[in-house]
Amino acid sequence: MIVSAWYDGHSTYGLRVLEEDVSLNFRPEWKTVSVYLPDTTDPAEIPLTPSFWEGSPELRSPEIRVFLVRNDLGEWEKNRPPRFELIPLGEGVFRLAWIIKPRGQPALPLT
(Lines give C-alpha, C1' and ligand atoms only; values in the text may rest on other atoms or scores of the structure.)
Protein backbone atom coordinates (compact mmCIF):
# COMPACT_ATOMS: atom_id res chain seq x y z
CA MET A 1 0.00 0.00 0.00
CA ILE A 2 1.22 3.52 -0.71
CA VAL A 3 1.53 5.87 2.27
CA SER A 4 2.74 9.45 2.53
CA ALA A 5 4.70 11.33 5.15
CA TRP A 6 2.51 13.40 7.46
CA TYR A 7 3.22 16.38 9.72
CA ASP A 8 0.74 18.07 12.06
CA GLY A 9 2.38 21.49 11.73
CA HIS A 10 3.75 21.44 15.28
CA SER A 11 5.97 18.54 16.29
CA THR A 12 4.34 15.24 15.32
CA TYR A 13 5.30 13.26 12.23
CA GLY A 14 3.86 10.08 10.86
CA LEU A 15 2.70 8.13 7.85
CA ARG A 16 -0.76 8.71 6.41
CA VAL A 17 -2.62 5.60 5.29
CA LEU A 18 -5.47 5.82 2.78
CA GLU A 19 -8.77 5.17 4.54
CA GLU A 20 -9.63 2.27 2.22
CA ASP A 21 -6.32 0.60 3.17
CA VAL A 22 -7.11 0.80 6.90
CA SER A 23 -9.86 -1.82 6.79
CA LEU A 24 -7.86 -4.03 4.42
CA ASN A 25 -4.55 -4.05 6.32
CA PHE A 26 -5.22 -3.20 9.98
CA ARG A 27 -7.31 -4.87 12.67
CA PRO A 28 -9.22 -3.01 15.41
CA GLU A 29 -7.90 -5.42 18.07
CA TRP A 30 -4.32 -4.31 17.42
CA LYS A 31 -3.16 -1.70 19.93
CA THR A 32 0.20 -1.21 18.16
CA VAL A 33 1.91 -2.15 14.92
CA SER A 34 5.59 -2.80 14.24
CA VAL A 35 7.17 -1.01 11.29
CA TYR A 36 10.63 -1.79 9.95
CA LEU A 37 12.01 1.47 8.59
CA PRO A 38 14.37 1.30 5.57
CA ASP A 39 17.50 2.26 7.49
CA THR A 40 17.03 0.47 10.83
CA THR A 41 17.23 -3.15 11.98
CA ASP A 42 14.74 -3.00 14.86
CA PRO A 43 11.11 -2.15 14.17
CA ALA A 44 9.40 0.97 15.47
CA GLU A 45 6.47 0.12 17.76
CA ILE A 46 3.69 2.50 16.77
CA PRO A 47 0.42 2.85 18.71
CA LEU A 48 -2.87 2.83 16.84
CA THR A 49 -4.70 5.75 18.41
CA PRO A 50 -8.49 6.08 18.48
CA SER A 51 -8.21 8.80 15.81
CA PHE A 52 -6.54 6.27 13.49
CA TRP A 53 -9.90 4.49 13.31
CA GLU A 54 -11.98 7.69 13.23
CA GLY A 55 -10.91 9.45 10.05
CA SER A 56 -7.29 10.40 10.79
CA PRO A 57 -5.39 7.28 9.72
CA GLU A 58 -1.85 8.33 10.56
CA LEU A 59 0.81 6.12 12.10
CA ARG A 60 2.37 8.69 14.45
CA SER A 61 5.74 8.10 16.04
CA PRO A 62 8.94 9.89 17.11
CA GLU A 63 10.86 7.16 15.25
CA ILE A 64 9.18 8.22 11.99
CA ARG A 65 10.20 11.84 12.63
CA VAL A 66 13.79 10.76 13.27
CA PHE A 67 13.77 8.61 10.11
CA LEU A 68 12.44 11.47 7.95
CA VAL A 69 14.87 14.04 9.36
CA ARG A 70 17.81 11.61 9.13
CA ASN A 71 17.06 11.17 5.43
CA ASP A 72 16.61 14.92 4.81
CA LEU A 73 12.83 14.53 4.40
CA GLY A 74 11.69 16.53 7.42
CA GLU A 75 10.34 19.31 5.23
CA TRP A 76 8.56 19.16 1.90
CA GLU A 77 6.75 21.37 -0.55
CA LYS A 78 3.09 21.97 0.37
CA ASN A 79 0.85 19.07 -0.72
CA ARG A 80 3.89 17.08 -1.96
CA PRO A 81 4.94 14.83 0.94
CA PRO A 82 7.36 11.96 0.36
CA ARG A 83 5.62 8.68 -0.43
CA PHE A 84 6.58 5.16 0.52
CA GLU A 85 5.31 1.63 0.19
CA LEU A 86 4.11 0.05 3.44
CA ILE A 87 4.31 -3.70 3.01
CA PRO A 88 2.26 -5.93 5.35
CA LEU A 89 4.34 -8.83 6.67
CA GLY A 90 1.54 -10.30 8.78
CA GLU A 91 -0.04 -9.89 12.22
CA GLY A 92 0.60 -6.17 12.66
CA VAL A 93 4.13 -6.14 11.26
CA PHE A 94 5.01 -3.94 8.27
CA ARG A 95 8.08 -2.93 6.29
CA LEU A 96 8.40 0.62 4.96
CA ALA A 97 10.14 0.72 1.58
CA TRP A 98 11.39 3.50 -0.64
CA ILE A 99 9.44 4.10 -3.82
CA ILE A 100 12.24 6.34 -5.02
CA LYS A 101 15.15 6.78 -2.64
CA PRO A 102 16.21 10.43 -2.41
CA ARG A 103 19.58 11.33 -3.84
CA GLY A 104 22.51 12.07 -1.58
CA GLN A 105 23.18 11.03 1.96
CA PRO A 106 22.11 12.45 5.29
CA ALA A 107 24.64 14.62 7.06
CA LEU A 108 26.83 13.01 9.68
CA PRO A 109 26.47 14.29 13.27
CA LEU A 110 29.13 16.71 14.51
CA THR A 111 30.34 14.84 17.58
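Biologist: Leaving aside its neighbours within four places in sequence, with which residues is Val3 in contact?
Modeller: Contact means that heavy atoms lie within 4.5 Å. Once the neighbours within four places in sequence are left aside, Val3 is in contact with Leu15, Arg16, Val17, Pro82, Arg83, Phe84, Leu86 and Leu96.

Biologist: What kind of model is this, and which pLDDT limits apply?
Modeller: Residues are numbered from 1 along each chain as its sequence is written, and side-chain values use heavy atoms, with hydrogens and water left out. This is a predicted model, in which totals for chains, interfaces and linings use all residues, whereas local features need pLDDT of at least 70 and side-chain atom pairs count only at pLDDT 80 or more.

Biologist: Does Val3 count as buried or exposed?
Modeller: Val3 is placed in strand S1, where helices (H or I, at least four residues) and strands (E, at least two) are DSSP runs numbered from the N terminus. Buried means under 20% relative accessible area, exposed over 50%, and partly exposed in between, with a 1.4 Å probe and protein chains only. Because its relative accessibility is 2%, Val3 counts as buried.

Biologist: Which strand gives the largest share of the lining of the largest pocket?
Modeller: A pocket is an open set of points on a 1 Å grid over the protein atoms alone where a 1.4 Å probe fits, with protein on both sides within 12 Å along at least five of seven lines, and its lining residues have an atom within 4 Å of a point. Val3 is among the lining residues of the largest pocket, as are Trp76 and Arg83. Strands S1 (2-7) and S2 (13-17) each supply at least two residues of this lining, but the largest share, six residues, comes from S1.

Biologist: How far from Asp21 is the nearest side chain of opposite charge?
Modeller: Asp21 has its place in helix H1 (residues 19-25), and, neighbours within four places in sequence aside, is in contact with Met1, Ile2 and Phe26. For charge, Lys and Arg count as positive and Asp and Glu as negative, while His and the chain ends are not counted; a salt bridge is a side-chain nitrogen of Lys or Arg within 4 Å of a carboxyl oxygen of Asp or Glu. Asp21 is buried yet has no salt bridge, and the nearest side chain of opposite charge, Arg83, is away by 10 Å.

Biologist: How many residues apart are Glu91 and Arg27?
Modeller: Glu91 forms a salt bridge with Arg27, with the closest N and O atoms 3.3 Å apart. The pair links distant parts of the chain, Glu91 being in the loop between S6 (83-90) and S7 (93-98) and Arg27 in the loop between H1 and S3 (32-36), and their separation in residues is 64.

Biologist: Which parts does the pair of Arg70 and Asp39 tie together?
Modeller: The side chains of Arg70 and Asp39 meet in a salt bridge at 2.7 Å, N to O. Because the two lie 31 residues apart in sequence, the pair ties together helix H3 (residues 62-70), which holds Arg70, and, on the side of Asp39, the loop between S3 and strand S4 (44-47).

Biologist: Which residues are linked in a network of salt bridges?
Modeller: Glu58 forms a salt bridge with Arg60, the closest N and O atoms being 2.6 Å apart. Glu58 is buried because its relative accessible area is 4%, whereas Arg60, at 25%, is partly exposed. The network of salt bridges links Arg16, Glu58 and Arg60.
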